[in-house]
Amino acid sequence: MSVKIRLQRHGSKGKPFFHIVVADSRSRRDGRFIEKIGTYNPITNPATIDLNVDSAVEWLNKGAQPTDTAKAILSYKGALYKKHLQGGVAKGAFDEAEAEKRFNAWLSEKDAKVQGKVEGLSTAKADAKKAALDAEVKVNEARVAAAAQVEADAKAAEEAANAPAVEEVAENTEEPTAEAEGTEETQA
């Protein structure tokens, strides 16, 4: 019987969620499995992976073959590295305490990288939000300035329209008096 470590899809359309399972290679993708060793959620950023590393290493030692995606997940969580270290202990290159020390050092380094990515994403999100707010403020200021300009132009046009009318009225009032004086002189 060939045993595989593979993903079993769950979740709705467009929102995948996977169980990491150990299953007979002849069973269907979402069918029977021997043991569930973890979960994988690719929707989150970074992807959320919950894996029982010890159980995965135990199945790898028994000869279970991971699929390509499962192998990438096992590598990401350190199961393959832990199996590699156990091989070094079996060959006598170092003892079990040294293997655990190396694995814990690798885990802490990996956690620091993941935490750095999470912080980088949160700062990038905050910067994008701040940039969008600044752009919106500039657009609003431009809109207010344009409205003030339109209002000032309308006021200036209204004043310009009223000013010549006043001058024409003044000119019209002076001309009839001049004509009236001229007609009075001619009549006299």
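**View 1. Lys-82 is a buried residue, at 12% relative accessible area.** Buried is defined as under 20% relative accessible area, exposed as over 50%, and partly exposed as in between, with a 1.4 Å probe and protein chains only. This is a predicted model, in which local features need pLDDT of at least 70 and side-chain atom pairs count only at pLDDT 80 or more, while totals for chains, interfaces and linings use all residues. Residues are numbered from 1 along each chain as its sequence is written, and side-chain values use heavy atoms, with hydrogens and water left out. The side chain of Lys-82 forms a salt bridge with that of Glu-100, at 4.0 Å from N to O. This pair links distant parts of the chain, with Lys-82 in helix 3 (residues 79-91) and Glu-100 in helix 4 (residues 96-187), 18 residues apart. A salt bridge here is a side-chain nitrogen of Lys or Arg within 4 Å of a carboxyl oxygen of Asp or Glu. Helices (H or I, at least four residues) and strands (E, at least two) are DSSP runs, numbered from the N terminus. Glu-100 is partly exposed, at 31% relative accessibility. A network of salt bridges links Lys-82 and Glu-100 with Asp-54.

**View 2. Arg-102 and Glu-98 form a salt bridge within helix 4.** The closest N and O atoms of the two residues are 3.1 Å apart. Arg-102 and Glu-98 are four residues apart, about one turn of the helix. An α-helix has 3.6 residues a turn, so residues three or four places apart point the same way. Arg-102 is partly exposed at 36% relative accessible area, and Glu-98 is partly exposed at 24%.

**View 3. Arg-26 and Asp-24 meet through their side chains in a salt bridge.** The N to O distance is 3.0 Å. Arg-26 is exposed, with a relative accessible area of 66%, whereas Asp-24 is buried at 16%. Six salt bridges are found in a search of the whole structure.

**View 4. His-19 lies in strand 2 (residues 15-24).** His-19 is buried, at 17% relative accessible area. Its side chain makes a polar contact of 3.4 Å with the side chain of His-10. A polar contact is a pair of N or O atoms within 3.5 Å; within protein, one must be able to donate a hydrogen and the other to accept it, and residues adjacent in sequence count only if both atoms are side-chain atoms. Leaving aside residues up to four places away in sequence, His-19 touches Arg-6, Leu-7, Gln-8, His-10, Lys-36, Gly-38 and Thr-39, where contact means heavy atoms within 4.5 Å.
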